[in-house]
Amino acid sequence: MNLDKYQGIIFDMDGTLIDSMPTHLSAWRKTAEQFEFPFDEQWLYQLGGQPTIKTARMLKKMHSIDATEDEMVQAKYGHYEAVANKGELISVTYEVLKDSVGKRKLAIGTGSQRKHADALLTNNKVIELFDTIVTANDVTEHKPKPETFLAAANNMKIAPSDCVVFEDTKLGLQAAHAAGMDCYLIENDEFTFFPVPLA
């Protein structure tokens, strides 16, 4: 992996930099039990990076759930926040982060809420390494739309084409390419490179 040509790196957080997806999925499992709808772990994992309200909206429509979207969101947040240790750093991504400190600008581009992102990054002692953190609260159009990554590039004052994204879902990969950014996708502790498709 040669990152020399990039001026900035944007990391997704859940499932890419921090192994927090099991906690999110556990919270969704408990929410599914609470509101009596089918729990599909693989489907929910692929929606990682998407705000909880959007996932709740999709679930409500799919399963005709007898609850408001807000009630579902608050239940999911409650189950998530009840877990003390929400995830450790993913070592292969953390190595990329450590190796890039001082060499290029660094950002987080996450679909998590600001309070959850700040807490997770603080608990893992990496929050001070980032030049900017863009969360679900900072944009109006979430992944797979490019706004999260474009906002991160703008905050770092770097052209999108000079940034590379690290992600763990196809949703994030779509967002990176929509922003005009190359992307590394992590799966089973290995990275696969997906350059921006030629027009």
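Biologist: Why is Cys163 called buried?

Modeller: In this predicted model, Cys163 has a relative accessible area of 1%. Buried means under 20%, so Cys163 counts as buried.

Biologist: What makes Cys183 count as buried or exposed?

Modeller: Its relative accessibility is 0%. The cut-off for buried is under 20%, therefore Cys183 is buried.

Biologist: How do you know whether Cys163 is in a disulfide or in none?

Modeller: A search of the whole structure finds zero disulfides. The cysteine sulfur nearest to that of Cys163 belongs to Cys183 and is 12 Å away. A disulfide needs two cysteine sulfur atoms within 2.5 Å, so Cys163 is in no disulfide.

Biologist: And what is the nearest cysteine sulfur for Cys183?

Modeller: That of Cys163, again at 12 Å. Because the limit is 2.5 Å, Cys183 is in no disulfide either.

Biologist: Turning to cavities, how many of 30 Å³ or more does the structure hold?

Modeller: One. The largest cavity holds about 220 Å³ of space.

Biologist: Which residues lie nearest the centre of the largest cavity?

Modeller: His24, Trp28, Gln50, Thr52 and Lys76, out of 19 lining residues. Helices H1 (21–35), H3 (52–63) and H4 (69–81) each give two or more residues to that lining. H1 gives the most, with four.

Biologist: What is the make-up of the lining by class?

Modeller: Ten of the lining residues are polar, seven are nonpolar and two are charged. Lys counts as charged, so Lys76, one of the lining residues nearest the centre, is in the charged class.

Technical notes: Residues numbered from 1 in each chain as written. Predicted model: local features only at pLDDT ≥ 70, side-chain atom pairs only at ≥ 80, totals over all residues. Heavy atoms only, no water. 1 Å grid on protein atoms, 1.4 Å probe; cavity = no way out; pocket = protein on both sides within 12 Å on 5 of 7 lines; lining within 4 Å. Points joined across faces, edges and corners; volume = space filled by probe spheres on them. Buried < 20%, exposed > 50% of the residue type's maximum accessible area, 1.4 Å probe, protein only.
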